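The exercises below concern the chain and sheet arrangement of one model. Work through each task before reading its solution.

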Amino acid sequence: MTLTEQLLSGNRLALTRLLTQVENDTTEGRAALTELFPHTGKAHLIGVTGAPGTGKSSLVNQLALHFRKQAERRIAVVAVDPSSPFTGGAVLGDRVRMRDLAGDPGVFIRSMASRGSLGGLAQTTAGLVQVFDAAGFDIILIETVGAGQAEVEIAHLAHTTLVVEAPGLGDDIQAIKAGILEIADILVVNKADRPGVENTLKALRSALELAHPVRHVFQHHGVLKVVEAPHEPEYNSWIPPIRKTVATEGTGISELADEIDRHARHLHESGDWATRERSRLGSELEALLQNMLVARFRKQVSESIYEEVLDRVYQRELAPWEAVKVLLNGRSK
Amino acid sequence: MSERKTGSEKGRKIRVLVAKPGLDGHDRGAKVVARALRDAGMEVIYTGLRQTPEMVAEAALQEDVDVVGLSILSGAHMALVPRVLELLKANGQEQVKVFIGGIIPDDDLPRLKEIGVAGIYGPGASTEDIIRQVREAVTE
């Protein structure tokens, strides 16, 4: 039996070894992904992102526990932590918060180093997710590196993206900036037992309202005023809900899990699942294509010519744009 | 199953699980070693305190590591280490190298080596030695 056949029949050793092959982007790994691809497309991919220390790992731990208890769904976790930009090494510590999941054969956790990739995921995270999908996991939780403002790659990979916030991290200006809040399908305010939680909720609510205006009824100097929404909410549009949780105590988890399931139903009913799936595969294809083209091109240009052009750039004889042109056209001077 | 290439394969990162099985709470040593291995360019999966041998073996399987480093200061190494080795083997991971650090009496060293422990480090061991021996163990 080949490794992929063993994986499809539920062998965990085959699974873990294929994950390594795919993570290292070996020839075997690529061949396995090709064989496994027809078996993918069934799992619900849930992304969990947010700033470092907001409690992403603890939240993933609780969600996985909840999904296990509620129904016999098999859960995979892919947890990405940063690699050192200097040595390439990494300490992957997400498992420390996921010890409750140990000993449950229905849960499989894999840690990944980002290996120089920006955007919050590693280059081969999508590949790992495909392997888990083919192996029959129903839910795949993908935890990004602690993300600041622009690590939004997860939205291209996941069906449902959770953005995790915690009290005291930013004001309402942070909340209206472009970037990470925009990709949220569900906003989670974790550590909701901390002071300042009301301010965080208020800032997030008002930011959401700017994006999705609704009808307002309020008292102004004792007079009841009504502000109509500028337009009817779009049919079937999803307004990201905000959920309070205290992951370390398990508070708010079942409500959050319900929202996740509701979002999955919404995606199916509105047809957004298909749209997302298509654009998800599109961005994956795009990334692969870029990698391949760059790799192929670098193979055609000899190292010495490349160094020579780089030297001329360094001497300020060539501007970077000209250098690119030189390399692309003549592949020499 | 095809022969598996480890750390020597180009681009392949050495993956190490650093775990603290047993009941003592002194994780300073484990953290120092984790950090040193990281600085040597390895990917270290840190699992934290109070792991059972079952949890260690399970994590080693899920993470497909090349090396397991166990830090034990409780004196329970003669119970914990053989069990971890046994479980790794049962999972088909007999190629994984096991290193231990902590307070290990000299009398126990021969037995531990005999059952297949690749390296044993006491207080004052140099991180350079650990890094070098971990590298050698996975590339041999």
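**Exercise 1.** Which residue in S6(A) does A:Gly47 stand opposite?

Solution. The model is predicted: local features need pLDDT of at least 70 and side-chain atom pairs pLDDT 80 or more, while totals for chains, interfaces and linings use all residues. Residues are numbered from 1 along each chain as its sequence is written, and chains are lettered from A and ligands numbered from 1 in the order in which they are written. Helices (H or I, at least four residues) and strands (E, at least two) are DSSP runs, numbered from the N terminus. Strand S1 (residues 44-50) and strand S6 (residues 160-165) of chain A pair in the parallel sense, over five bridges; to pair, two strands need at least two DSSP bridges. Within S6(A), the residue opposite A:Gly47 is A:Thr161.

**Exercise 2.** Place the strands in the sheet of chain A, and find its edges.

Solution. The open sheet has seven strands with parallel pairing, in the order S4-S2-S5-S1-S6-S7-S10. S4(A) and S10(A) (242-244) are the edges; each has a single partner strand, so one side of each lacks a neighbour in the sheet. From one strand to the next, the twist averages 20 degrees.
Axes are lines fitted to C-alpha atoms, for helices over the stretch in contact, with angles from 0 to 180 degrees between N-to-C directions.

**Exercise 3.** How many residues of chain A are in contact with chain B?

Solution. The count is 26 residues of chain A, against 28 residues of chain B (contact: C-beta atoms, placed from the backbone, within 7 Å). H2(A) gives the largest share of the chain A side, six residues. Across the two chains, S3(A) and strand S2 (residues 43-46) of chain B pair in the parallel sense over three bridges. There, A:Leu92 has B:Ile45 as its bridge partner.

**Exercise 4.** Describe the packing of H11(A) and H12(A).

Solution. Helix H11 (residues 303-314) and helix H12 (residues 320-329) of chain A pack at about 160 degrees, with axes 10 Å apart. H11(A) is therefore roughly antiparallel to H12(A) (angles over 145 degrees count as such). Residues of H11(A) that meet H12(A) include A:Val309 and A:Val313, and those on the H12(A) side include A:Ala323 and A:Leu327.

Technical notes. Two residues are in contact if their C-beta atoms, placed from the backbone, lie within 7 Å. Angles under 35 degrees count as roughly parallel, over 145 as roughly antiparallel, 65 to 115 as roughly perpendicular and the rest as oblique.
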